[in-house]
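Me: I am new to this structure and would like to learn how to read its strands. Could we go through them together, one feature at a time?

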Amino acid sequence: MSVSDACSKCGATALRHSRRRIKDGLLRSLFFSAMRCQACQTRQFRFSPWATTVTVAVVMLAAFIVGVIYAVAA
């Protein structure tokens, strides 16, 4: 396990996804997800590199498709 798989308060590795809250909107849009430690119930945020990778790949694919359509139409 990596360091990010442990609770920053107690060090336990029993983390689960926490419920979504309205105030989490900005952090979720920056690719963070809320996690809760099952040992001490501390809520914390973890960066999600896979969500970032997928989003960048989709944007690049869309840009490529728009470029091809533009080149064919010109």
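Me: How many of the six residues of strand β2 (residues 32-37) are buried?

Reply: Before counting, please note that this is a predicted model, in which local features need pLDDT of at least 70, side-chain atom pairs count only at pLDDT 80 or more, and totals for chains, interfaces and linings use all residues. Residues are numbered from 1 along each chain as its sequence is written, and side-chain values use heavy atoms, with hydrogens and water left out. Buried means under 20% relative accessible area, with a 1.4 Å probe and protein chains only, while strands are DSSP runs of E with at least two residues, numbered from the N terminus. In β2, five of the six residues are buried, so this strand is largely enclosed by the rest of the structure.

Me: Which strands pair with β2, and in what sense?

Reply: Two strands pair if DSSP finds at least two bridges between them. Strand β1 (residues 15-17) pairs with β2 in the antiparallel sense over three bridges, and Leu15 stands opposite Cys37 there. Strand β3 (residues 43-47) also pairs with β2 in the antiparallel sense, over five bridges, with Phe32 opposite Phe47. β2 and β3 form a hairpin with five residues between them, and Gln41 in the turn has a positive phi of about 65°.

Definitions and conventions. Buried means under 20% relative accessible area, exposed over 50%, partly exposed in between (1.4 Å probe, protein chains only). Helices (H or I, at least four residues) and strands (E, at least two) are DSSP runs, numbered from the N terminus.
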